[in-house]
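Hi,

Here is the structure I promised to pass on. Please have a look at it first, and then read my notes below.

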Amino acid sequence: MAAAIGVRSDYTSADLRGFARRSDDADQVRRLLAVALILDGGSRSEAAKIAGVTLQIVRDWVLRFNEGGPDGLATRKAPGRASILNDEQRARLAEIVEAGPIPAAHGVVRWRLADLALWVWDEFELSVTRHTLGRELRAMGYRKLSARPRHRGQKRDDIADFKKASAPVWRKSSGGSREERR
């Protein structure tokens, strides 16, 4: 059986319990208390049982604590999947979006995500879904905007003709109230 990994000794168990009291992260508190138990001389099996995890997880916590101290035990956000486009490709995409499509060359009069995904395939040979491309463009600061549609036969003067008039002014009728008419 291999020897257990040593825990760094520049913190005491009282220090770790103090960090646990001040922490707002419940998972970090659990990890700090497990490492504090080990520093007090408790077994790693006991720490795993109290924390409700396996020995392997306690070992990982000890490694994280040795590397980063109490802050190393904080809950970290998963990095997620790496971006499909690199910075150079994003710059090219921004240029083409800003310039707009050339109808004769691109076959469209305005960019849709599906058209841009096809352009990315033609230009970089990368398969990107329109959902992913939409997230990329949103991260680059672009928003999906389109002009309000207008019928090709609509005349400017027609809009004024069909606009709602202001609400009528209420006046007291000359007929009197119901009670007066009885």
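Predicted model: local features only at pLDDT ≥ 70, side-chain atom pairs only at ≥ 80, totals over all residues.

Residues are numbered from 1 along each chain as its sequence is written, and side-chain values use heavy atoms, with hydrogens and water left out.

Let's start with R64, in helix α4 (residues 55-68); helices are DSSP runs of H or I, at least four residues, numbered from the N terminus. R64 is buried but has no salt bridge, and D25, the nearest side chain of opposite charge, is 7.2 Å away. Buried means under 20% relative accessible area, exposed over 50%, and partly exposed in between, with a 1.4 Å probe and protein chains only. A salt bridge needs a Lys or Arg side-chain nitrogen within 4 Å of an Asp or Glu carboxyl oxygen. Instead, the R64 side chain reaches the backbone oxygen of A74 at 2.7 Å.

I84 lies in the loop between α4 and α5 (87-99) and is partly exposed, at 34% relative accessible area. I84 and V128 are 44 residues apart in sequence, yet 7.7 Å apart C-alpha to C-alpha.

As for the rings, the whole structure has 3 aromatic pairs (Phe, Tyr or six-membered Trp ring centres within 6.5 Å; planes under 30 degrees apart are stacked, over 60 edge-to-face, the rest tilted). Y11 and F19 pair edge-to-face, 5.9 Å centre to centre with 70° between the planes. W119 and F124 are also edge-to-face, at 5.5 Å and 85°, and both are buried.

Best wishes

How values were computed
Helix = DSSP H or I, 4+ residues; strand = E, 2+ residues; numbered from the N terminus. Lys, Arg positive; Asp, Glu negative; His and termini not counted. Polar contact = N/O pair within 3.5 Å; in protein donor to acceptor, adjacent residues only side chain to side chain.
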